[in-house]
Amino acid sequence: MSIWPSLVTICALLLYLVVTINVGRARIKYKIMPPEMTGDENFERVVRVQQNTLEQLVLFLPALWLFSQWINPIWAGGLGGVWIIGRILFAWGYYQAAEKRTLGFAISSLVSFTLLGGAIVGVILSLRS
């Protein structure tokens with residue numbers, strides 16, 4: 001087993017922790033206390049970054065590990081690193097304005113689909129052996 005998918009998993013979880021902490025900070029800044037989820041537009045964008053990152057992790061992490069197992073752990077780690085960069089660009093852009101999230105979303109989505117597609121191909125090819 002390669003260390004690279006493990007490092008990417010740790011980075012993805014740390015990224016999620018940071019965007020979750022940012023929600024707490026935004027709650028204080030914009031005075032929006034739980035259980036409220038709406039209010040200031042800036043707060044809502046911070047919440048959407050956290051929620052969308054969680055939604056993406058559900059696809060990304062299993063795809064990363066399946067790709068690592070059935071294709072190549074080094075390639076999985078490299079693609080996972082690109083996913084992390086995409087999510088950072090997504091968050092950074094979305095914090096500024098909703099329309100600035102597109103590039104980061106596109107990068108991370110393309111990586112997730114590549115990992116999932118590769119995992120599917122790897123599993124199918126192993127069935128033929």
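**Figure 1. How helix H1 passes helix H2.** In this predicted model, H1 passes H2 in a left-handed crossing. H1 covers residues 3-30 and H2 covers residues 41-70. Their axes lie 9 Å apart, and the two helices pack at an angle of about 170 degrees. Because angles over 145 degrees count as roughly antiparallel, H1 is described as roughly antiparallel to H2. What kinds of residues make up the contact of H1 with H2? They divide into 19 nonpolar, eight polar and one charged.

**Figure 2. Helix H2 beside helix H3.** Now let us turn to the other partner of H2. Helix H3 spans residues 73-96. The axes of H2 and H3 come within 11 Å and cross at roughly 175 degrees, which makes H2 roughly antiparallel to H3. Look for the side of H2 that takes part: its contact residues include Val 46, Val 49, Leu 57, Phe 60, Leu 64 and Phe 67. From H3, the contact residues include Trp 75, Leu 79, Trp 83, Phe 90, Tyr 94 and Tyr 95. By class, the contact of H2 with H3 has 15 nonpolar, six polar and three charged residues.

**Figure 3. Inside the largest pocket.** Which residues line the largest pocket? You can find Asn 22, Arg 25, Ala 26, Lys 29, Tyr 30, Asn 42, Arg 45, Val 46 and Tyr 95 around it. The volume of this pocket is about 200 Å³. H1 and H2 are the elements that give two or more residues to the lining, and H1 gives the most, with five residues. The lining divides into four nonpolar, two polar and three charged residues.

**Figure 4. Two backbone details in the loop between H1 and H2.** Here is some background before you zoom in. Most residues other than glycine have a negative phi, and most peptide bonds are trans. Where does Lys 31 sit? Lys 31 is in the loop between H1 and H2. Its phi is positive, at about 55 degrees, although Lys 31 is not a glycine. Pro 35 has its place in the loop between H1 and H2 too. Is the peptide bond from Pro 34 to Pro 35 cis or trans? The bond is cis, with omega near 10 degrees.

Notes
Residues are numbered from 1 along each chain as its sequence is written. This is a predicted model: local features need pLDDT of at least 70, side-chain atom pairs count only at pLDDT 80 or more; totals for chains, interfaces and linings use all residues. Side-chain values use heavy atoms; hydrogens and water are left out. Axes are lines fitted to C-alpha atoms, for helices over the stretch in contact, and angles run from 0 to 180 degrees between N-to-C directions. Helices (H or I, at least four residues) and strands (E, at least two) are DSSP runs, numbered from the N terminus. Angles under 35 degrees count as roughly parallel, over 145 as roughly antiparallel, 65 to 115 as roughly perpendicular and the rest as oblique. A crossing is left-handed if the near helix is turned anticlockwise from the far one by less than a right angle, and right-handed if clockwise. Ala, Val, Leu, Ile, Met, Phe, Trp, Tyr, Cys and Pro count as nonpolar, Asp, Glu, Lys and Arg as charged, and the others, Gly among them, as polar. On a 1 Å grid over the protein atoms alone, a cavity is a set of points where a 1.4 Å probe fits but cannot get out, and a pocket is an open set with protein on both sides within 12 Å along at least five of seven lines; lining residues have an atom within 4 Å of a point. Grid points are joined across faces, edges and corners, and a volume is the space filled by probe spheres set on the points. Contact means heavy atoms within 4.5 Å.
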